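Biologist: I have a model open on my screen and would like to learn how to read it. Could we go through it together, feature by feature?

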Amino acid sequence: MRQLLFFAAVLLAAGGYVARYADHTVETHADAQAAVVQPSYEPREPSTSGRSLILDGDRQGHFQVEARVEGRFVDFVVDTGASLVVLRESSAALAGIRPQPRDYTATAVTANGKIKAARATIERIEVGGITVYDVPAMVLPDEALTKNLLGVSFLSRLKRYEYANGRLVLEQ
């Protein structure tokens, strides 16, 4: 009987030791996984391969890209929350899109409220090796928008667009 009690006590002590070791191992592993890794936000040129493009986010996590609109270079922020491509009046004018005051019949909802906008169709947008034709767009007054937005009316024409590991992949 004593041997059985002694064996049970040894088994209980060993079980406690193993449980403490397992807890320590799990905590150490979790701490290593939770360590914050600061990615490099040095601006890099977008990498392109044929009809796909990989964009790195900037420090704020935005994806900025230079596109050709009607053959003119225009800077954009890729915005999956924007239904359409949205151009500032000055950028639209550079690309030859010049709505008249009577064309501002649509209403756009921005972070600053509602504003009148002009509907437009962009014949051609090129980003890297990707080209999309006849893209619905809106033109807003410059004071309503700080950046041009490359929205879903462009993105939905792609084979895929995907955010993963701090990068945005566009593929046609």
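This is a predicted model: local features need pLDDT of at least 70, side-chain atom pairs count only at pLDDT 80 or more; totals for chains, interfaces and linings use all residues.

Biologist: How do I read burial, and what share of the 172 residues is buried?

Modeller: Buried means under 20% relative accessible area, exposed means over 50%, and partly exposed is in between, using a 1.4 Å probe and protein chains only. In this protein, 31% of the 172 residues are buried. The accessible surface is about 11700 Å², with 54% of it belonging to carbon and sulfur atoms; those areas come from the Shrake-Rupley method with a 1.4 Å probe, and for residues only the protein chains shown count as cover.

Biologist: And contacts?

Modeller: Contact means heavy atoms within 4.5 Å. Among contacts with a separation of 6 or more, 56% are between residues 24 or more positions apart. Take Val 65, which sits in strand 3 (residues 64-69) and is buried at 6% relative accessibility. Beyond its neighbours within four places in sequence, Val 65 touches Leu 53, Leu 55, Val 74, Asp 75, Phe 76, Val 78, Val 127 and Leu 150. Val 65 and Leu 150 are 85 residues apart in sequence, yet their C-alpha atoms are 8.8 Å apart in space.

Biologist: Is Thr 131 buried or exposed?

Modeller: Thr 131, in strand 8, is buried, with 19% relative accessible area. Leaving out residues up to four places away in sequence, Thr 131 is in touch with Arg 124, Ile 125, Glu 126 and Gln 172.

Biologist: Now salt bridges. How many are there?

Modeller: The rule asks for a side-chain nitrogen of Lys or Arg within 4 Å of a carboxyl oxygen of Asp or Glu. That gives six salt bridges. One of them pairs Arg 68 with Glu 126, with the closest N and O atoms 3.8 Å apart. Because Arg 68 is in strand 3 and Glu 126 in strand 7 (residues 113-127), this pair ties together parts 58 residues apart in sequence. Arg 68 itself is partly exposed, at 31%.

Biologist: Which residues are linked in a network of salt bridges?

Modeller: Lys 159, Arg 160, Glu 162 and Glu 171. Arg 160 meets Glu 162 at 2.7 Å, N to O, and Arg 160 also meets Glu 171 at 2.8 Å. Arg 160 lies in strand 10 (residues 160-164) and Glu 171 in strand 11 (residues 167-171), so their bridge ties together parts eleven residues apart in sequence. Glu 171 is buried at 19%, whereas Arg 160 is partly exposed at 33% and Glu 162 is partly exposed at 39%.

Biologist: What about backbone angles? Where does Glu 70 lie?

Modeller: Glu 70 is in the loop between strand 3 and strand 4 (72-78). Its phi is positive, about 55°, although Glu 70 is not a glycine. Glu 70 is partly exposed, at 26%. Asn 165 also has a positive phi of about 55° without being a glycine; Asn 165 lies in the loop between strand 10 and strand 11 and is exposed, at 80%.

Biologist: Last one: what volume does the second largest pocket have?

Modeller: A pocket is an open set of points on a 1 Å grid over the protein atoms alone, where a 1.4 Å probe fits, with protein on both sides within 12 Å along at least five of seven lines; lining residues have an atom within 4 Å of a point. Grid points are joined across faces, edges and corners, and the volume is the space filled by probe spheres set on the points. For the second largest pocket, that is about 380 Å³. Of its 18 lining residues, Val 109, Thr 110, Leu 140, Leu 145 and Leu 149 are the closest to the centre. Strand 6 (106-110) and strand 8 (130-140) are the elements that each give two or more residues to the lining, and strand 6 gives the most, with four.

Conventions: Residues are numbered from 1 along each chain as its sequence is written. Side-chain values use heavy atoms; hydrogens and water are left out.
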